[in-house]
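Student: I would like to learn how to read the features of a protein model, one at a time. Could you take me through this one slowly, with the general idea before each case?

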Amino acid sequence: RRVHGDESQNSSSNIWNKSQEIISFHNRDLHWPLGVYFNFEMSLFVADQMNQRIIELGAQGEHLTETLIAIDNPRDLVVTRENKIFTVNNKKIFITSTSHENDANSSIVDLNFCWLHSIALDESSQHIITIDTESKILYFLDYQGNSTHQVKHNDATIKGYLLDPRGLSVCETTHKLFVADYADCSIKVYDAESGDYANSFTCHLGDGLATQPHCVSCYGGSVYITTNDPKTDKWCIVEFSSSGAYNKTIRNQLSCVGGLSVRNGIMSYSEWTRDKVSMMNLTY
């Protein structure tokens, strides 16, 4: 069910303008927001986990729509150029469209997943990619939700083995899939179409001290990663090149970042324990 938002909820502090570097949303009645995703029109979609819905925010922060979904606890999402929404919870993938207003146009993909954390969009090959954290299997699906192929990375004797995969994102510039391996403190890189292992690099904050990555978002040849700071026990957002070179730490002193999305120089992230979603102009 798709519900139009009440634009009277907006306040001047939520309007994007050049005088502000960061804007945050506190008045959306969010409850543990996790995944965030900019579509190609720069609307921001938020997986509002405990409210079991997807919220769409406009380019100026206005509340456009919300979609009530048929799976519990949505964790992450992507939106195709055709505005089809793919949302994951722990066990399933829910498919709906921003242009449809009834449940008859929605579907659920259940491939006996054990535990899902994240989902990625590969626009060039028109695939949706997710990974089962327990089985270490990469699943490649077409836009209808059909599984096209699967690749296992669960053999510890072979390069590319995944210990504890979390977030994932496709870099359209290099056509590589970047996977945050949380327990291994590394980013594993695979071919986005075949799923074959390419290389990896250690996640850190510029000092070489390994940290645990969680969310990943690729855009314009850069890889943006959320990770913990072991010195402060707070969360940071770090920018790496697609080859794994540390560029800079963009944000620090954050609380439990659950989602990250970057497009066209704008970054959004969620802090689920604060019921908060923020947007930041990276070119400011």
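**Reading the model**

Tutor: We can begin with open space: the largest pocket holds about 720 Å³. A pocket here is found on a 1 Å grid over the protein atoms alone, as an open set of points where a 1.4 Å probe fits, with protein on both sides within 12 Å along at least five of seven lines, and lining residues have an atom within 4 Å of a point. Grid points are joined across faces, edges and corners, and the volume is the space filled by probe spheres set on the points.

Student: Which residues are the closest to the centre of the largest pocket?

Tutor: Of the 44 residues in the lining, the closest to the centre are Asp 76, Ser 118, Leu 168, Val 216 and Leu 260. The elements that give two or more residues to this lining are β3 (33-38), β7 (76-79), β11 (116-122), β15 (165-171), β19 (213-219) and β23 (257-263), and β23 supplies the largest share, with 7 residues. Strands in this naming are DSSP runs (E, at least two residues), numbered from the N terminus. By residue type, the lining divides into 25 nonpolar, 13 polar and 6 charged, where Ala, Val, Leu, Ile, Met, Phe, Trp, Tyr, Cys and Pro count as nonpolar, Asp, Glu, Lys and Arg as charged, and the others, Gly among them, as polar.

Student: Before we go on, what kind of model is this?

Tutor: This is a predicted model, in which local features need pLDDT of at least 70 and side-chain atom pairs count only at pLDDT 80 or more, while totals for chains, interfaces and linings use all residues. Residues are numbered from 1 along each chain as its sequence is written, and side-chain values use heavy atoms, with hydrogens and water left out.

Student: How many salt bridges does the structure hold?

Tutor: Side chains of opposite charge can pair when their charged atoms come close. The structure holds 9 salt bridges, each being a side-chain nitrogen of Lys or Arg within 4 Å of a carboxyl oxygen of Asp or Glu. One of them joins Glu 66 and Arg 53, at 3.0 Å from N to O, and this pair links distant parts of the chain, with Glu 66 in strand β6 (residues 63-68) and Arg 53 in strand β5 (residues 53-57), 13 residues apart.

Student: Are Glu 66 and Arg 53 buried or exposed?

Tutor: Buried means under 20% relative accessible area, exposed over 50%, and partly exposed in between (1.4 Å probe, protein chains only). Glu 66 counts as buried because its relative accessibility is 14%, and Arg 53 is buried because its relative accessible area is 9%. In another salt bridge, between Asp 164 and Arg 166, the closest N and O atoms are 3.0 Å apart, and both of these residues are buried. Arg 274 and Glu 271 also form a salt bridge, with their closest N and O atoms 2.9 Å apart; here Arg 274 is partly exposed at 37% relative accessibility, whereas Glu 271 is buried at 1%. Salt bridges that share partners also join Asp 48, Arg 53 and Glu 66 into one network.

Student: In what order do the strands of the open sheet lie?

Tutor: Strands of a sheet pair through backbone hydrogen bonds, either parallel or antiparallel. In this structure 4 strands form an open sheet in the order β19-β20-β21-β22, with antiparallel pairing, and two strands count as paired if DSSP finds at least two bridges between them. The edge strands are β19 and β22 (246-254), each of which pairs on one side only. Within the sheet, strand β20 (residues 222-229) pairs with strand β21 (residues 234-241) over 8 bridges, and the bridge partner of Ile 225 in β21 is Val 238.

Student: Which way do the side chains of β25 point?

Tutor: In a regular strand the side chains alternate between the two faces of the sheet. Lys 276, Ser 278 and Met 280 point one way from β25, and Val 277, Met 279 and Asn 281 the other way. Because 6 of the 6 residues of strand β25 (residues 276-281) are buried, the strand is largely enclosed by the rest of the structure. Strand β24 (residues 266-271) pairs with β25 in the antiparallel sense over 6 bridges, and Ile 266 stands opposite Asn 281.

Student: What is the phi of Asp 275?

Tutor: Most residues other than glycine have a negative phi. Phi of Asp 275 is positive, near 50°; Asp 275 lies in the turn of the hairpin that β24 and β25 form with 4 residues between them, and it is partly exposed at 25% relative accessibility. Gln 253 also has a positive phi, near 60°.
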